[in-house]
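Let's take a friendly walk through the helices of this model. Have a look at the structure first, and then we can go through it piece by piece.

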Amino acid sequence: MSATALPLWAEIITAVFAVLGAAFAAIGSFGLVRLPTFFRRIHAPTLGATVGAWCLTVATIAYFSVQGFSLFLHAMLIVLFIVLTAPITTIFLMRAALFRERQKGNADVPPAAKSD
């Protein structure tokens, strides 16, 4: 199969969703670095990775569906694995951190939310 130029609408959809996916992944990475405690830090990369993967999958499906003249749904497997594994991994990491903090004698884990 030879590569042909994409129609303008497909290029726009692919570009918008690729940039959105990269932006969500970057925001998740910044949240990992900037948030103060482990219990707050754990949410940012998980949400960023999941939403970013969805956006990149839409871009991939749009690009390869137009390029190959048929619906390309193989990329949905990647998102399925990310959607299934990211929250489960996060839950296990949070439970392990809670266990370790409570073993140290810190009963106020996770810390109470501050009301502004």
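A residue is called buried here when its relative accessible area is under 20%. Please keep in mind that this is a predicted model.

## Helix α1

With that cut-off, the buried residues of α1 are A10, T14, G21, G28 and G31. Their cover includes α2 (38–41) and α3 (43–68).

How does the span of α1 agree with its number of residues? Helix α1 (residues 8–34) has 27 residues, which should span 39 Å at 1.5 Å a residue, and its end C-alpha atoms lie 38 Å apart, so the two values agree.

## How α1 meets α3

Two packed helices are described by the angle between their axes and by the distance between those axes. For α1 and α3, the angle is about 165° and the axes are 8 Å apart. Angles over 145 degrees count as roughly antiparallel, and α1 and α3 are therefore roughly antiparallel to each other.

The crossing of α1 and α3 is left-handed. Sorted by class, the residues in this contact of α1 with α3 are 19 nonpolar and six polar, with no charged ones.

## Helix α4

Helix α4 (residues 75–103) is made of 29 residues. From its first C-alpha to its last, α4 reaches 42 Å, close to the 42 Å expected at 1.5 Å a residue.

Which residues of α4 are buried? They are A75, V79, A86, T90, M94, A97 and L98, and what covers them includes α2 and α3. After α4 comes G105, which has a positive phi near 100°.

Note on methods: Residues numbered from 1 in each chain as written. Predicted model: local features only at pLDDT ≥ 70, side-chain atom pairs only at ≥ 80, totals over all residues. Heavy atoms only, no water. Helix = DSSP H or I, 4+ residues; strand = E, 2+ residues; numbered from the N terminus. Expected span 1.5 Å × (residues − 1). Buried < 20%, exposed > 50% of the residue type's maximum accessible area, 1.4 Å probe, protein only. Contact = heavy atoms within 4.5 Å. Axes fitted to C-alpha atoms, helices over the stretch in contact; angles between N-to-C directions. Parallel < 35°, antiparallel > 145°, perpendicular 65-115°, else oblique. Left-handed = near helix turned anticlockwise from the far one by under 90°. Nonpolar A, V, L, I, M, F, W, Y, C, P; charged D, E, K, R; others polar.
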